[in-house]
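Reader: I've got a structure on my screen and a few things to ask about it. Could you talk me through some of the details?

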Amino acid sequence: MIPLSINALAEALISLGRKKDIFCDLYIQSSFGHSISVEDGRTEEITSGSAGGSGFRLLSDGMTHYGHVHGITSDVAVKLVDDVIKTININCPLPMPAPEPLVKQEQLTNAQIDSAMLREIHHNLVKESKYIKKVTLRLSTSEKEITIINSRGDLVRDTRYSSRFSAHIVVEKDGKLFSGYESRGFSLPFAKFLERTDTMSTALKAAKRALLGPECSPCPAGKVPVVLSGEAGGTMIHEACGHALEGDIVYKNRSVFKDRIGEVVANPAVTLIDDATIEGAFGSYKFDDEGTPAQRTILIEDGILKAYMADVFCNKMWGLPLTGNGRRESYTSYPITRMSNTFLLPGNMEKGEIISRVSFGLYAQKMGGGETDPTTGDFVFNVEEAYLIEDGKITVPVKGAILVGNGPQVLKDILAVGSDLELDVGFCGKNGQSVPVTDGQPTVLVKELVVGGSDI
């Protein structure tokens, strides 16, 4: 049952919003987490911790006023609200409730993880090759209890889980070092995460990628067709296109997609989705951090730009429809427009059929880091695992591949879309905040990209 103090607080925020024609929200969070890392068979780090606090935001006259406090009781929250309100000279006293917790305070019931599983994975990995010199494995799980109250009248309670495994392998051969990385993550309790995750297989992928390094030839440079595998994980879609479709970036004149709703911006085979409702996906949630229900948003449909992602700020400032993309790292930060699970819808072509269409080009199996400019869409990405395509077949592995191009142009230059959609997990940084996301794509054929490497 919701405590009376929360109902009273909710009514007060609704009244405040009506009287002053403003939007405000109170976000209360209590988090618990465990993580463990094993390096070369030794347990290097075990951490357990908790955090709790409240954040209050007020939007008025195009300005964001925000404050936070390390406390989760109703009296602390009310004082925080009063303090923020006073910064804009509003006199609207709130009822002072009894000091009771606004979220649960139980210790994490999600899981009790230990290092035995990680040590066993390490033991099995080192048997794969004498060249494996360093194995770093990390396992983490967390549970977050949140309550959101806002002046729209929303009163949201939710429990969020996050579990993740990662493996970083270093190989040494002939005095040279090569590395491979792989991770898996879900917004699930730890036990359910283990049911859906083959940790040994994930670690083996990282090891095989590292072991491939000594076999690689230098990547030739030039402008060639590029096939991005499903396992490339949608990195280019997220970085070079996704950020440019976030409403705040669009209306701050930092996006090439501004004022282009209804226009053809991609090949008709391209449909781009942001969907926070996918069960268990790393970037999923039931409600965003403003209390708006999560939803599936079609950003580009059959090549036509349909929508931008939007939070309350975008809605109030520019009238964009709410899409449930207001996200924050924690109670210490106010929400901003962020992606959740962003991916290209699969097509109907088989991967082999797509590759067979390329006489000479590059096959990008796994993407690495890179940089992008949402204002222009220009990008530079490293490719962690790549192969040449010759006469319609994947041939030799290559190292040092770099992709240079323009995100909107890539959308237009996609010639084929495969049926093999894959999702990859990660953390997205923006405005100093980091949130869990999933990026995805099927195998796609891009007409041509500048591939940096060695001279031909």
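This is a predicted model: local features need pLDDT of at least 70, side-chain atom pairs count only at pLDDT 80 or more; totals for chains, interfaces and linings use all residues.

Reader: At what angle do the axes of helix 3 and helix 5 cross?
Author: Helix 3 covers residues 116-126 and helix 5 covers residues 199-212. Their axes come within 10 Å of each other. The two helices are therefore oblique to each other, and the crossing angle is roughly 45 degrees.

Reader: Is that crossing of helix 3 and helix 5 left-handed or right-handed?
Author: A crossing counts as right-handed if the near helix is turned clockwise from the far one by less than a right angle. For helix 3 and helix 5, the crossing is right-handed.

Reader: How many of the residues in the contact of helix 3 with helix 5 are nonpolar?
Author: Helix 3 brings Met117, Ile121, Asn124 and Leu125 to the contact. From helix 5 come Thr199, Met200, Ala203, Leu204 and Ala207. Sorted by type, no residue there is charged and two are polar, and the nonpolar ones number seven.

Reader: How many disulfides does the structure hold?
Author: A pair of cysteine sulfurs has to lie within 2.5 Å to count. For cysteine 216 the closest cysteine sulfur is in cysteine 219, 9.8 Å away, so that is too far for a bond. Cysteine 314 has its closest cysteine sulfur in cysteine 428, at 15 Å, which is also too far. The number of disulfides is zero.

Reader: Is cysteine 314 buried or exposed?
Author: Buried means under 20% relative accessible area. Cysteine 314 has a relative accessible area of 0%, so this residue is buried.

Reader: Which residues of helix 6 are buried?
Author: Helix 6 runs over residues 235-242, and seven of its eight residues are buried, so the helix is largely enclosed by the rest of the structure. Those buried residues are Thr235, Met236, Ile237, His238, Ala240, Cys241 and Gly242.

Reader: Which residues does serine 333 touch, leaving out those up to four places away in sequence?
Author: Serine 333 sits in the loop between strand 12 (326-327) and strand 13 (336-337). With 15% relative accessibility, serine 333 counts as buried. Leaving out residues up to four places away in sequence, the ones touched by serine 333 are Tyr66, Arg328 and Gln433.

Reader: And what separates the C-alpha atoms of valine 156 and leucine 137?
Author: Valine 156 belongs to strand 5, residues 155-173, and is buried at a relative accessible area of 5%. Along the chain, valine 156 and leucine 137 are 19 residues apart. Their C-alpha atoms are separated by 36 Å.

Terms used:
Residues are numbered from 1 along each chain as its sequence is written. Side-chain values use heavy atoms; hydrogens and water are left out. Axes are lines fitted to C-alpha atoms, for helices over the stretch in contact, and angles run from 0 to 180 degrees between N-to-C directions. Helices (H or I, at least four residues) and strands (E, at least two) are DSSP runs, numbered from the N terminus. Angles under 35 degrees count as roughly parallel, over 145 as roughly antiparallel, 65 to 115 as roughly perpendicular and the rest as oblique. Contact means heavy atoms within 4.5 Å. Ala, Val, Leu, Ile, Met, Phe, Trp, Tyr, Cys and Pro count as nonpolar, Asp, Glu, Lys and Arg as charged, and the others, Gly among them, as polar. Buried means under 20% relative accessible area, exposed over 50%, partly exposed in between (1.4 Å probe, protein chains only).
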